[in-house]
Amino acid sequence: MAMQTEEKLHGDIRQWLLGLLPQQESYSLEELLITDAALYEELHIVEDELIDEYLGGTLTTNEREAFESYFINSPERQEQFRIANALKVYIDDSKQDASDSPPLESSVAPAESRWTPFRKAIAVVSMAAAVLLIVVLGWYLLLVGSPSPSNSLSVILTPAVQTRAGGPVQTVRVPLGTRYLHLQLKLARNDYQKYRVTVVNSDGNVVQANENLTPSTDTGGPAVQFYVSASQMTPGEYQLKLDGVADGKFESADGYRFVVTPQ
Amino acid sequence: MSINPELERQKKKWDLSQQSFESLLHWLDSDRDRAGKRYEDIRCRLIKIFGSRGCAEPDYLADETINRVAKRVDEIAKTYQGDPALYFYGVANKIHLEQLKKQKPPPITLTVPALDDYEQEYVCLDSCIGHLPAGSRDLVLQYYEHEQHAKIVNRQLLAERLGIGLNALRIRAHRTRLALRECIMSCLEKKQTGRMTYSN
């Protein structure tokens, strides 16, 4: 389904739920709703989103009026509304609890002295320095710990071609200091919106499985991209099984092979 | 293979012959379990459609739709080609038109609940969230916090952390919320017994 069509469908469902979709378009949408399982789930998601947006005050005036006069007029949605409201309050309370944690200074006030202003200044500076240190450390760890061009090795793989001898196999040498392999699987045919990739080692053990991967065209033709921790990719042969997702079921789409060679 | 007790109740309620009911299920799918699932799917969707059209009794109208199809199912099965769900939809439209002729749409009587009317739900939510697996609990709390732009950024970060796309995250959060809602509904109904269950 093209992105524009998905967006239009999303918009149509929203308008339909609010009673704002013209009749003929409503009939077309209802025909889809009664036959398409994925669209029916989308309908429920949009219902929740409308309620959240109403509670968050982000609906337009027109939508807000339709919400109050049309959408909410069913006992089921009234209950959905009360639960959504409770969830919002619960999350707000959780955030409040976190910000109400005990202060760093002692609750017993020390006797005032001429050093007090200096102590307070030192405490403020110390706290600021500590916060800065935590932010810098966090940023560094995030930088080092997350896949990025500086710590990843990009590997472009094409679908395996099977021959009597087993077919050619791409080899990959992982340089020292590489934390991630950025695997880009070229698609011979891009027949699915979502894919699942399973990485299997030569012992037949699954090293990693990634679901809900969306094909991209960053590398020219359509490709499915994902990261694998380099520490998992010890020297040896690996097979990648690519499955497309259709109607919630997995269908075999392609296969890939490569060998990780020692340093 | 046993079938959903709800289906059995419906069959009796509509005064359908066993043969009509069996024929209906067989038309939906030759596998009885799949047919039962398909039947419930269609019924839920019909209820949703009637409800969204502002009908006062969407459940009744959905059952009436299925009843009419079931009574003629042998004849329909011989000639109709296509998705049975669309045939049900056609009959539903006819029934809706009949309803509109019979009576005016019911006046709007339900208003938006007061924003401070959530105590019972809050108590159950608090308990149900505690019963969620830690990952699901964190997902719900993180996915639904923040407003506007902060929400968008927060969700992008969350999706990256989980290694999934934004739409997959949206669906996962919704399914967890659905499980949470079912637990809350169950809690509200069974508050006396205090036993809470999750459907998944």
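How many residues does the contact take from chain A and from chain B? The contact takes 33 residues from chain A and 35 residues from chain B, two residues being in contact if their C-beta atoms, placed from the backbone, lie within 7 Å.

This is a predicted model, in which local features need pLDDT of at least 70, side-chain atom pairs count only at pLDDT 80 or more, and totals for chains, interfaces and linings use all residues. Residues are numbered from 1 along each chain as its sequence is written, while chains are lettered from A and ligands numbered from 1 in the order in which they are written.

On the side of chain A that touches chain B, the elements tabulated here each supply at least two residues. Helices (H or I, at least four residues) and strands (E, at least two) are DSSP runs, numbered from the N terminus.

| Element of chain A | Residues |
|---|---|
| Helix H1 | 3-17 |
| Helix H2 | 23-35 |
| Helix H3 | 37-56 |
| Helix H4 | 61-71 |
| Helix H5 | 75-99 |
| Strand E5 | 206-213 |

H5(A) gives the largest share of this side, 12 residues.

In H4(A), the residues Ala66(A), Phe67(A) and Phe71(A) are buried, meaning that 20 or more other C-beta atoms lie within 10 Å of a residue's own. They lie on the same side of H4(A) because they cover an arc of only 105 degrees around the axis, taken from the directions from the helix axis to the C-beta atoms.

Val228(A) belongs to strand E6 (residues 223-229) of chain A. Val228(A) is buried because 21 other C-beta atoms lie within 10 Å. Beyond neighbours within four places in sequence, Val228(A) is in contact with Tyr180(A), Leu181(A), Leu183(A), Val199(A), Gln208(A) and Met233(A).

Definitions and conventions. Buried ≥ 20, exposed ≤ 12 C-beta atoms within 10 Å, placed from the backbone.
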